[in-house]
Amino acid sequence: MNPFRRSPYVIAAAVLVYVFLYAPIVGLILYSFNASKANVTFEGFIPAYSEHVVMDGSLVKSSPCGPFHWYCELAKNNDVAEAAGNTLTIAFVATIISTIIGTMAAISLQRYNFRLKPFSQLSLYIPIVIPEIVMGIGILTLFSQVFGWLNDFLNLTGNARLSLGIVTVTVSHIAFMVPFVALVVQARLQGFDKSFEEAAMDLGANEWITFKRVTFPMILPGVLSGALLAFTLSLDDFVITFFTNGPGSTTLPIYVYGLLRRIITPQVNALSTVWILVVFLAVLTLQILQNREQKAHP
Amino acid sequence: MLKRLRESKSAQGTLLALPTTMWLFVLLIIPLILTMIVSFGKRSPDGNVIYTFTLDNYVRLAGFSHDCPDGQATCFDPLYVNILVRSLSLALNTTVLVIALAYPLAYFIARAHPKQRNMYLFMVLIPLWTNFVIRVYAWMMLLRKEGAINIILGWIMHLLHIPFTPLEMLYTPGAVLVGMVYEFLPFMILPIYTSLEKIDNSLYEAAADLGANARRTFMRVTLPLSMPGVVAGTILVFIPVMGTFIVSDILGGRQVILVGNLIQRQFLDARDPTFGSAASLILMVMTLIVTYFYTRKFGFGEEIVVA
């Protein structure tokens, strides 16, 4: 029996599910070229290039950027630039911190025994089994209580008052990212046995050299994929950010959500399209890297 | 001190795990304890918390109220119970539908030629990594009265010479269900794929040699061995669906209120954190109970981290 033979029903079902997954995305991209500013119906592509934007009611007749009018508007939008900057800053800082401390925790949980170990291990599952909104409002309560108390206690006034902002968002992101890094690295550590490390020690390497030359190179792929997972979780996060952000720390998901509750122009679609394109390139790069690793170490 | 650290393996282990454990303790466990304390408190007139011990918020959630229309001392209004039941049944329906859609696709990918598998998986990752809020927005555009689904239905009806009035799909419970299924589908496909992919081909060959037909092979070999993936996927889908408020907010309008929306409004519009905290704890307890009984029956494997 050919193991790769599949029934036509399975193939048909798979095709339908792929259509379901992609139809909304295709629609989203198409509407980013919409000539209609109201963006309710698709009124065709913006037909022509001109020196200035020419409008006819809510229809864009021609634009310096032609069909890409909404992308040019997007590039001029300072709020988007600020939100993108915040999103990336938070994701980078939170990824670096959570990757370092998460990897440390994974090594500790996989290679050492200590009294706190069951508690440390169990705490890693909290973000998986508890809905994000529960964590979100808990963290919000914590920050507002502690900040309120500190502000009164230290008599802080004006700008010195502690409030929600980019720091609280980053700190909260790390809390839900660390467990994912730790679990991914732990799974990788489980994959090979201790004898490599023991051999290095027998050959006279101290613990630091063993870590640097043996353990770390072996877990590096796990660390990198944990970091990447953490990075995307941070970029994508809405709920935790929603409850912990303050003035000036708006991220892209929060910004888009805000727009959805007001007037929606095709600019939102242009922003979404750019985002999807970035994701596409990121996933593609990752796949190519993984394939290369698989070929090098089958 | 340093010498002791160098010698004691247990001290080294504790120290390595300490930053993570502390971080999670301060930002996940303390907030949960705080939420519990706040849920037993009272709301002050300016929306702050008065710390006392009262079960009022839980009594209110259970539907018993003291401001009754006809002068009774207490009366029963199942408003919040209905919200909890609605959230639970939506989460169950979503999970079942997601399994029904994810399983065939995961099976298709797992049994594809190894050279094509990566491409098919890649095609699942793109929608997964596209932002959550953007994906809800995409459905908002499709489901609108002037949206693509109504346009396509209109064309078909026109060709069939059947009169057609555009359907009102947005701001209905159905829209929320479709949105939830779409949002969480990839979280089911990946774990099921992982467990299907692990099944050794020789098992299929053995089943065939022993005379099992395709259906029997599936029921006796494939399905049982893929259960860890289904269980992991269910946890990754069911729990977030229970707590999500964006999908119902955008696709359900004010029509479909879930426990997530209830909690969010207590913290932002209604400004009653004590009631919001009580609702949030009930939500947590509900998800923990379901997860506990579900995983106790089936157990969950390492598939939980693949997504």
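## Ground rules and domains

Domain bounds here come from an automatic or database domain assignment. For chain A that assignment gives domain 1 (16–71) and domain 2 (78–262). Taken over C-alpha atoms, the centres of domain 1 of chain A and domain 2 of chain A are 38 Å apart.

Bear in mind that this is a predicted model, where local features need pLDDT of at least 70, side-chain atom pairs count only at pLDDT 80 or more, and totals for chains, interfaces and linings use all residues. Residues are numbered from 1 along each chain as its sequence is written, while chains are lettered from A and ligands numbered from 1 in the order in which they are written.

## The two chains

Chain A has twelve helices and three strands, where helices (H or I, at least four residues) and strands (E, at least two) are DSSP runs numbered from the N terminus. Its radius of gyration, 25 Å, is well over the 19 Å that the globule rule gives for 298 residues, so chain A is more spread out than a compact globule. That radius is taken over C-alpha atoms, and the rule is 2.2 Å times the number of residues to the power 0.38. The C-alpha trace of chain A spans about 80 × 75 × 35 Å along its principal axes. Of the 298 residues of chain A, 39% count as buried. Buried means 20 or more other C-beta atoms within 10 Å of the residue's own, exposed means 12 or fewer, and partly exposed is in between, with C-beta atoms placed from the backbone.

Over in chain B there are 13 helices and four strands.

As for contacts (C-beta atoms, placed from the backbone, within 7 Å), take the ones with a separation of 6 or more: residues 24 or more positions apart account for 67% of them in chain A and 69% in chain B.

## Where the chains meet

On the interface, 77 residues of chain B are in contact with 73 residues of chain A. Helix 2 (residues 9–39) of chain B supplies the largest share of chain B's side, 21 residues. By class, that side has 52 nonpolar, 19 polar and six charged residues. For these classes, Ala, Val, Leu, Ile, Met, Phe, Trp, Tyr, Cys and Pro are nonpolar, Asp, Glu, Lys and Arg are charged, and the others, Gly among them, are polar.

## The nonpolar core

A nonpolar core is a set of buried Ala, Val, Leu, Ile, Met, Phe, Trp, Tyr and Cys residues joined through C-beta atoms within 7 Å. The largest one has 145 residues, of which Ala102(B), Ala106(B), Leu185(B) and Ile189(B) touch the most other members. Helix 8 (residues 173–197) of chain B gives the most to this core, 15 residues. Domain 1 (16–71) and domain 2 (78–262) of chain A both give residues to this core, so it lies between them.

Leaving out residues up to four places away in sequence, Ala102(B) touches Leu185(B), Met188(B), Ile189(B), Ile192(B) and Gly233(B).

Helix 6 (residues 132–153) of chain A has 22 residues and reaches 31 Å from its first C-alpha to its last, close to the expected 32 Å; the expectation is 1.5 Å times one less than the number of residues. Met135(A) is found in this helix and is buried, with 26 other C-beta atoms within 10 Å. Ignoring residues up to four places away in sequence, Met135(A) touches Pro127(A), Ile130(A), Phe176(A), Ile240(A), Leu28(B) and Pro31(B). Met135(A) and Phe176(A) are 41 residues apart in sequence, yet 9.0 Å apart C-alpha to C-alpha.

Gly204(A), whose phi is positive, near 100°, follows helix 8 of chain A.

## Positive phi in the loops

Most residues other than glycine have a negative phi. Asn155(A) has a positive phi near 55°; Asn155(A) sits in the loop between helix 6 and helix 7 (166–190) of chain A, and is exposed, with 8 other C-beta atoms within 10 Å. For Tyr171(B), phi is positive too, near 65°. Tyr171(B) lies in the loop between helix 7 (148–159) and helix 8 of chain B, and is partly exposed, with 18 other C-beta atoms within 10 Å.

Terms used
Two residues are in contact if their C-beta atoms, placed from the backbone, lie within 7 Å.
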